[in-house]
Amino acid sequence: MTVLIRLENVSKVYPRVHQPWERLRAFGSILLGREPRDGAKVLSDVSLDVLQGQSLGVIGENGAGKSTLLKVLTGVIRPTTGRVEVHAGIAALLELGAGFQPEFSGMDNVRMKAALLGLTSAELDQRLDEILSFADIGEYVHEPVKHYSSGMVVRLAFAVVTASRPEILITDEVLAVGDESFQKKCIRWIERFLEDGGTLLMVSHSMYIVQKLCHRALWLHDGRVEQYGEVFPVTQSYLAWHQSRSAEERRLREEQRGAAGHYRVTGFVFPEHGGGDTARVAMGDDLLVEVTLQSPDGRPPVVHLGVVRIDGTPVYGVTSDSEAVQPVRIDPHHFRFRLRFNQLGLLPGSYHIRALAMDPEGLRVFESRERLFQVNGKSIDVGIVHLPHAWTG
Amino acid sequence: MSRIHPSRPDLNFFRNLVRRQIRQDYLENVTGFAWLVLQPLVLLGVYAFVFTTIFKSRIPDSEVGFVPYLAIAFWPWTAFSDGVLKASHAISGNAALIGKVALSTEQLPLAAVTATFLMNMVGYVAVLVVLQLLGTNIHWAFLPLALPVLLLLWLFAAALALFMSALQVFVKDIVQILPPLMTLWFFMTPILYSPEQLPEQLARLMEWNPMTWFVFHLRELLLFGRLNLGMGEFVAPALVLVLAWLGWLFFRRFSGHFEDFL
């Protein structure tokens, strides 16, 4: 099989260019024929072959160097070290509206882009109808591109690319912009392009699309090739890595929350009802709730306690600081609140009691916990709460 | 089909670039195409008024009037100066294009210079025709000889454009520095006056100004119908060629790095 593109030990360093003197120094070193070497290393030691008919999907996180790699492949940027060989006609659809000039009409931009893709004027005239019908943007083609929606830009750009009949099509995540029907049209076009022996090189975050369209996959991580080979093993190990990493991140986040010591609920019980997580109370009885809060800085925190019916209807809530209640200090970092609801007026049913751990200022809620309790009784009154009343005649 | 980076210049693309530049700079105005011929004529009228009526300028020992003497040199100078100035930000002004599509970037400054020259040459011909109609004897027979001179002037502008546009990516101040330098150059070139009007020392110094050579030959050919051939006629083209070659090397050395610095 013929090699269409070959990369050998390609590295790319973006020099530091923020200060004028940094630019001048870079200018001097390039003039003397040296590559500016200190800067952000975006790609290191990437080698790969793209064979005819062996479509390649480039995957990896944001900032892994995927787009830079495509730019190197298309010749938009020159690698700092390493070799790039290209033996095929490339059409690239990198960023949205790449190379489109907003001030010019769609038609002018089509001419420009077609010329860039190597179409002669005669070829373009021949294929113009084909381009316009593929883009399907109607009379907008005579309007300046700056008035286009992003979807229309992609339509037009993709239409020109299809007309240039490339041997390799390189796309970044641009197809995600168009609407669904246009995306399908593009996918269909790409599938036919692949059947006819074309080669696709794409960056995508959708493993489904990569698996569907590509034979091989390249997983980039921090500018290095993490894995390169058949599409299924590579995408699967990428997904597995991704999942384990998100799990790890979640664990870390939780650990941090504990260690950084946010205000937390560490105990939440009904002491007079067995001290358990749930309670059964007879209507009209007392209900005692005990909440223990952890305070990282040792200052007495604020608790909010609320009663919610099982369907989510709030019944009543009260905050300790609004009633100037000070908790009992159990140890330097733990504080206990006890709240007694006298002669509970709730009608029979299931309720939650919710405790919110708040900072000493009572401004931020750090944690919310709920406990279930049931009110038993034989009342046939309707509503949520029994209001004290008397019939007077 | 085989392609090695960076991509080769491509004539079709270059033509599109030039066409685009012309449309952007000249034809987007309300008056459109008419402006192309009108603007130089209006400008000529202004100069005629200012220099013959207010300053009472005359060219000593010459049967040629001041206005034709000025006009013959002024349009090529404008083409040269505008071309270089416009091209100096051809790279930074097309940052969006350079970062996203592969193209041989030297086409951008060259297209800017070429578009400016083409447009100014249209104005030049219009001015020459009007001068003829107003009674100046333009030596049309020498036009074919003036063409290589103008072509060489284009090459000179292109060479400077390559230097300046590449340099501008690294030294952004070029855009500020260049216009006053061009104005200085304009006054250091015998466009508004003839070299004979200068003190001898300054006149000798002026011979080192390459623009003097261009201005002198255009006047000799088109205004006086004289062909002057000497050593200078071989040295000047050779120097311009060497400069263009150096400009090309300079540009190529930096072009692969533009994307990093834009």
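**Exercise 1. Which residues in H6(B) meet which residues in H9(B)?**

Before we start, note that this is a predicted model, in which local features need pLDDT of at least 70, side-chain atom pairs count only at pLDDT 80 or more, and totals for chains, interfaces and linings use all residues. Residues are numbered from 1 along each chain as its sequence is written, while chains are lettered from A and ligands numbered from 1 in the order in which they are written.

*Step 1.* Helices (H or I, at least four residues) and strands (E, at least two) are DSSP runs, numbered from the N terminus. Contact requires C-beta atoms, placed from the backbone, to lie within 7 Å.

*Step 2.* From H6(B) come Leu145(B), Ala146(B), Val149(B), Leu153(B) and Phe156(B); they meet Pro210(B), Phe214(B), His217(B), Leu218(B), Leu221(B) and Leu222(B) of H9(B).

*Step 3.* Sorted by class, this contact holds 10 nonpolar, 1 polar and no charged residues. Here Ala, Val, Leu, Ile, Met, Phe, Trp, Tyr, Cys and Pro count as nonpolar, Asp, Glu, Lys and Arg as charged, and the others, Gly among them, as polar.

**Exercise 2. Describe how the axes of H6(B) and H9(B) cross**.

*Step 1.* The axes of H6(B) (residues 143-170) and H9(B) (residues 210-223) come within 9 Å and cross at roughly 160°. Axes are lines fitted to C-alpha atoms, for helices over the stretch in contact, with angles from 0 to 180 degrees between N-to-C directions.

*Step 2.* H6(B) is therefore roughly antiparallel to H9(B) (angles over 145 degrees count as such).

**Exercise 3. Check the length of helix H5 of chain B**.

*Step 1.* H5(B) covers residues 107-133, 27 residues in total. The expected span is 1.5 Å times one less than the number of residues, so the helix should span 39 Å.

*Step 2.* Its end C-alpha atoms are 39 Å apart, which agrees. After the helix comes Gly135(B), with a positive phi near 105°.

How values were computed
Angles under 35 degrees count as roughly parallel, over 145 as roughly antiparallel, 65 to 115 as roughly perpendicular and the rest as oblique. Two residues are in contact if their C-beta atoms, placed from the backbone, lie within 7 Å.
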